[in-house]
Amino acid sequence: MTDRDDLLKLVLDLAVVRGRVTLSSGQVADWYVDLRRLTLHHAGAPLVGRVLLDLVADWDFDAVGGLTLGADPVASAMLHAAAARGTGRKLDAFVVRKSDKAHGLQRRVEGPDVAGRRVLAVEDTSTTGGSVLTAVEALREAGAEVVGVAVIVDRGAEKAVRAAGLSYRSAFSLADLGQ
């Protein structure tokens, strides 16, 4: 079994929830992928980090993150997986707020500065691409160069993200989940 195989098993066991739900996009679905059950799980998080690093191994970036909350544990998992590999790769993580901060330093992108850096935008799962494209807009406003978008499960966002001129990869599709 590969890390990807192990991760898919955990996605199916922990994250796929049957029942009618309203997604962040406003769309209604008969099943939901609650990937925080996976990305915050002791066995899931390390797999997420390794699988996504492998997924985008040929992309050049030195920071990873996206719109809070779905992207936060994904970026953290990738940061830790990069450090654990012992290759010397230094990968920072960042968090994109949903709106501007009105106090403190008033930063929308938290963490190490992304200005002038090549960054990867991530999300746990994406249906319309709205959340990750909101993050991309904030990252560009902060001076980052977004090299692409990577998600654990694509629920249909690929077309919108590619239409925005971005490279896009997902570890799993709906077909991988039997949908």
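Modeller: Two strands pair if DSSP finds at least two bridges between them. Note that this is a predicted model, where local features need pLDDT of at least 70, side-chain atom pairs count only at pLDDT 80 or more, and totals for chains, interfaces and linings use all residues. Residues are numbered from 1 along each chain as its sequence is written, and side-chain values use heavy atoms, leaving out hydrogens and water.

Colleague: In what order do the 6 strands of the open sheet come?

Modeller: The order is β5-β4-β3-β6-β7-β8, with mixed pairing. β5 (109-110) and β8 (168-172) are the edge strands, each pairing on one side only.

Colleague: Is β3 enclosed or open?

Modeller: Buried means under 20% relative accessible area, exposed over 50%, and partly exposed in between (1.4 Å probe, protein chains only). In β3, 5 of the 5 residues are buried, so the strand is largely enclosed by the rest of the structure.

Colleague: And how do I read handedness?

Modeller: Point the strands away from you: a crossover is right-handed if the path from the first strand over the helix to the second runs clockwise. Here β3, α4 and β4 make a right-handed β-α-β unit.

Colleague: What about helix packing?

Modeller: Two packed helices are described by the angle between their axes and the distance between the axes. Axes are lines fitted to C-alpha atoms, for helices over the stretch in contact, and angles run from 0 to 180 degrees between N-to-C directions. The axes of α3 (residues 44-55) and α4 come within 7 Å and cross at roughly 75 degrees. Angles under 35 degrees count as roughly parallel, over 145 as roughly antiparallel, 65 to 115 as roughly perpendicular and the rest as oblique, and α3 and α4 are therefore roughly perpendicular to each other.

Colleague: Which residues of α3 and α4 meet?

Modeller: Contact means heavy atoms within 4.5 Å. Among those that meet are Val-48 and Leu-52 in α3, and Val-74 and Met-78 in α4.

Methods: Helices (H or I, at least four residues) and strands (E, at least two) are DSSP runs, numbered from the N terminus.
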